[in-house]
Amino acid sequence: MVLIGHDMDFVAENCERGVCLEALRLRFDGPVAELFTRAKLLRSCGLLPCRVARLRDRFAVRPERCAPDAFLAALGGRGGGFGGA
């Protein structure tokens, strides 16, 4: 299935492979998780990184996937203590 979109949160959570075009030129073809490590490329294509990628960089954690549950699991492994009382 081919999904065309600019909602990077949706892409991060639901896709394994990403293709990024800029001015009809192929700029990236590979794992979505890798795409979100290339901030300069995303900016040049007019895209923002997904929220999890921004949080991942801010908190210096490396979840297996760019999805909220994976981020929280990686953060929890640091003794973050997020959750109910």
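P31 lies in strand 2, which spans residues 25-31. In this predicted model, P31 is partly exposed, with a relative accessible area of 44%. Leaving aside neighbours within four places in sequence, P31 contacts E16 and R17. A12 is 19 residues away from P31 along the chain, and the C-alpha atoms of P31 and A12 are separated by 9.9 Å.

The loop between strand 1 (17-22) and strand 2 holds A23. L24 is found in the loop between strand 1 and strand 2 as well. Most residues other than glycine have a negative phi. A23, however, has a positive phi, near 50°. The phi of L24 is positive too, near 65°. A23 has a relative accessibility of 71% and so counts as exposed. L24 reaches 83% relative accessibility and likewise counts as exposed.

The protein has 85 residues, of which 31% count as buried. Contacts were also sorted by sequence separation. Among those between residues at least 6 apart in sequence, 22% join residues at least 24 apart.

In soluble globular proteins, nonpolar side chains tend to be buried together. The largest nonpolar core of this model has 19 residues. The residues with the most contacts inside this core are M8, C20, L35, F36, L47, C50 and C66. Five helices each supply at least two core residues: helix 1 (8-14), helix 2 (32-35), helix 3 (39-44), helix 4 and helix 5. Helix 1 gives the most, with three residues.

F36 illustrates the contacts made by one of these core residues. Not counting residues up to four places away in sequence, F36 touches M8, A12, L42, P49, C50, A53, R56 and C66. Among these partners of F36 are M8, C50 and C66, which are themselves listed with the most contacts inside the core. A53, another partner of F36, is found in helix 4. A53 has a relative accessible area of 1% and is therefore buried; the cut-off for buried is under 20%. A53 and M8 are 45 residues apart in sequence. Their C-alpha atoms are 9.8 Å apart in space.

Helix 4 also meets helix 5. Two packed helices are described by the angle between their axes and the distance between the axes. Helix 4 covers residues 51-59 and helix 5 covers residues 68-76. Their axes come within 10 Å and cross at roughly 10°. Angles under 35 degrees count as roughly parallel, and helix 4 and helix 5 are therefore roughly parallel to each other. The crossing of the two helices is left-handed. On the helix 4 side, the contact involves V52, L55, R56 and F59. These residues meet P68, F71 and L75 in helix 5. By class, the contact has six nonpolar residues, no polar residues and one charged residue. R56, part of this helix contact, also touches F36.

Conventions:
Residues numbered from 1 in each chain as written. Predicted model: local features only at pLDDT ≥ 70, side-chain atom pairs only at ≥ 80, totals over all residues. Heavy atoms only, no water. Axes fitted to C-alpha atoms, helices over the stretch in contact; angles between N-to-C directions. Helix = DSSP H or I, 4+ residues; strand = E, 2+ residues; numbered from the N terminus. Parallel < 35°, antiparallel > 145°, perpendicular 65-115°, else oblique. Left-handed = near helix turned anticlockwise from the far one by under 90°. Contact = heavy atoms within 4.5 Å. Nonpolar A, V, L, I, M, F, W, Y, C, P; charged D, E, K, R; others polar. Core = buried A, V, L, I, M, F, W, Y, C linked by side-chain atoms within 4.5 Å. Buried < 20%, exposed > 50% of the residue type's maximum accessible area, 1.4 Å probe, protein only.
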